[in-house]
Amino acid sequence: MVPVSEDVSETKNLLDKLVVLKLNGGLGTTMGCTGPKSVIEVRDGLTFLDLIVIQIENLNNKYGSKVPLVLMNSFNTHDDTQKIVEKYTNSNVDIHTFNQSKYPRIVADEFVPWPSKGKTDKDGWYPPGHGDVFPALMNSGKLDTFLSQGKEYVFVANSDNLGAIVDLTILKHLIQNKNEYCMEVTPKTLADVKGGTLISYEGKVQLLEIAQVPDEHVNEFKSIEKFKIFNTNNLWINLKAIKKLVEADALKMEIIPNPKEVDGVKVLQLETAVGAAIRFFDNAIGANVPRSRFLPVKASSDLLLVQSDLYTLVDGFVIRNKARTNPSNPSIELGPEFKKVANFLSRFKSIPSIVELDSLKVSGDVWFGSSVVLKGKVTVTAKSGVKLEIPDGAVIENKNINGPEDL
């Protein structure tokens, strides 16, 4: 791909064709937070949403562009998000929100919609996955609005991926080569063995997800030798193409059944994924991007990475520390005591230095003092019923700590 020139007018011209859309339907429940996941504080008191707004505002200020931010909410996040975005009223970013569809959960053993069996509260319903972004964007009227403003492409990404920042080199390539769809992929590591991958099938580029793989082939799918890349869910899609395909009802993505148990009832959620739409678009491509464009925060162990000295925050961008020579991040396993964000924050007086850390495994009732430095391979295990405190300023390198005597 040819990089974009330093010419401000070329950059502005590209930005004027772009809409940024974040998938904002998820709750922070797995991290012990109420409300939308995008309002969890990531770093320096700023939330995912704050960082996204700052990034786009900086682009708009620097180039005189008007890149809008669009949030696709679910009925779980919509009301809260509407209140939260009010705080950005004076920012130099037009913020649009729309709601994705809601579908009735299916009672698994009878194959009937749960609401028709008297389940009238919101637990009877579910948002049907992010594949719904195409009809929902169209039905909201936002798609036509953006087309009438001369917008051409939408950059879609998960709101919890801190690496999903606007990259004009990709946008320029798509416009020049008339690619209607681009999926950013990046090399698989052992941490990503479950990620969906791109395959060529029946003459089309297609997404293959682990849920579609028969049990006897799952290990083969997870092999990083055989399937070397995975989908980051950073996607660039042509707006006119979306309109054409939705109007023709041509987006027939594979349905992924997601079994759940709610209030003791086994239910099915039938979902689709936005990445699976790649095969319906003309000249669709995968772009192999650096790992830095995939920095998702799914658990408190990810928060430890992004709040540490491994990263710095510049203009809303989370930038990796050059002092770390190892291209991959340390592997971090924190026990259930750290699962909720509030507990995670209370157990670290300050976030340890981990620039030279290879792996950390913490189990039991462990508390970290301030200015702790971790290097190499470190495991910290508190014996059952015992509180283990790591003192302020401790430097721990290649050690297994099972009690105060090991410090």
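Trainee: Is Y126 buried or exposed?
Mentor: Y126 is buried, at a relative accessible area of 2% (buried is under 20%, exposed over 50%, partly exposed in between; 1.4 Å probe, protein chains only). This is a predicted model, where local features need pLDDT of at least 70 and side-chain atom pairs 80 or more, while totals for chains, interfaces and linings use all residues. Numbering starts from 1 along each chain as its sequence is written, and side-chain values use heavy atoms, without hydrogens or water.

Trainee: And Y103?
Mentor: Y103 is partly exposed, with 38% relative accessible area.

Trainee: How many aromatic pairs are there?
Mentor: The structure holds 9 (Phe, Tyr or six-membered Trp rings, centres within 6.5 Å; planes under 30 degrees apart are stacked, over 60 edge-to-face, the rest tilted). In Y103 and Y126 the ring centres are 6.1 Å apart and the planes stand at 70 degrees, so this pair is edge-to-face.

Trainee: Which parts does that pair tie together?
Mentor: Y103 is in strand 6 and Y126 in strand 9, so it ties together parts 23 residues apart in sequence (strands are DSSP E runs of at least two residues, helices H or I runs of at least four, numbered from the N terminus).

Trainee: What about F348 and F368?
Mentor: They are stacked, with 4.7 Å between centres and 20 degrees between planes. F348 sits in the loop between helix 10 and strand 21, and F368 in strand 22, so the pair joins parts 20 residues apart in sequence. Both F348 and F368 are buried.

Trainee: Which residues are in their cluster?
Mentor: Ring pairs link F338, F344, F348 and F368.
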